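This report looks at ring pairs first, then at a helix and its end. Keep the model open while reading.

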Amino acid sequence: MVPDVNLWAVLLATLSTLVVGSVWYTPKVFGNRWMKLANVTPVETGVRAWLPIVVAVVLSFLLAWVLAGSIAIAWHFYGGGYLWSAIVTGVTLWAGFTAGRIIVHDVFEGRPSNLTV
């Protein structure tokens, strides 16, 4: 059974990751600090400049689709309010997969804890 997923919500979530990411990594916000802590140098132009953006768009869409499906499954399983199911599912998946992966990678790569935070 494939859960019922609202395509417009997934597209809006994908777009929101691009907007938030564009603001977040702007040099005046966290961009310069992130590049320093992550030991990343700015990319000029060409494939190295647009490939990460294409990958980010595709993966943002995929992740939004998976999250929407997970929320639909949780809502059917637990019942109750849809918003509460979305919040609990999102936080649980983030803590269980995303945060855990980032922390493990940063520790093994010897990256500063400020980068993780």
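## Aromatic pairs

The structure holds five aromatic pairs. Rings of Phe, Tyr and Trp (its six-membered ring) pair if their centres lie within 6.5 Å; planes under 30 degrees apart count as stacked, over 60 as edge-to-face and the rest as tilted. One of the pairs is F61 with W65: the ring centres are 6.0 Å apart and the planes meet at 35 degrees, so this pair is tilted.

Both F61 and W65 sit in helix α3 (residues 47-78), four residues apart, about one turn of the helix. Helices are DSSP runs (H or I, at least four residues), numbered from the N terminus. F61 is partly exposed at 29% relative accessibility. W65 is also partly exposed, at 35%. Buried means under 20% relative accessible area, exposed over 50%, and partly exposed in between (1.4 Å probe, protein chains only).

F77 and Y78 form an edge-to-face pair, because their planes stand at 85 degrees, with centres 4.9 Å apart. F77 is exposed at 65% relative accessibility. Y78 is exposed too, with a relative accessible area of 65%.

## Helix α2 and its end

Helix α2 (residues 27-38) spans only 14 Å between its end C-alpha atoms. A straight helix of twelve residues would span 16 Å. The expected span is 1.5 Å times one less than the number of residues. Just after α2, N39 takes a positive phi of about 60 degrees.

## Basis

This is a predicted model: local features need pLDDT of at least 70, side-chain atom pairs count only at pLDDT 80 or more, and totals for chains, interfaces and linings use all residues. Residues are numbered from 1 along each chain as its sequence is written, and side-chain values use heavy atoms, with hydrogens and water left out.

How values were computed
Helix = DSSP H or I, 4+ residues; strand = E, 2+ residues; numbered from the N terminus.
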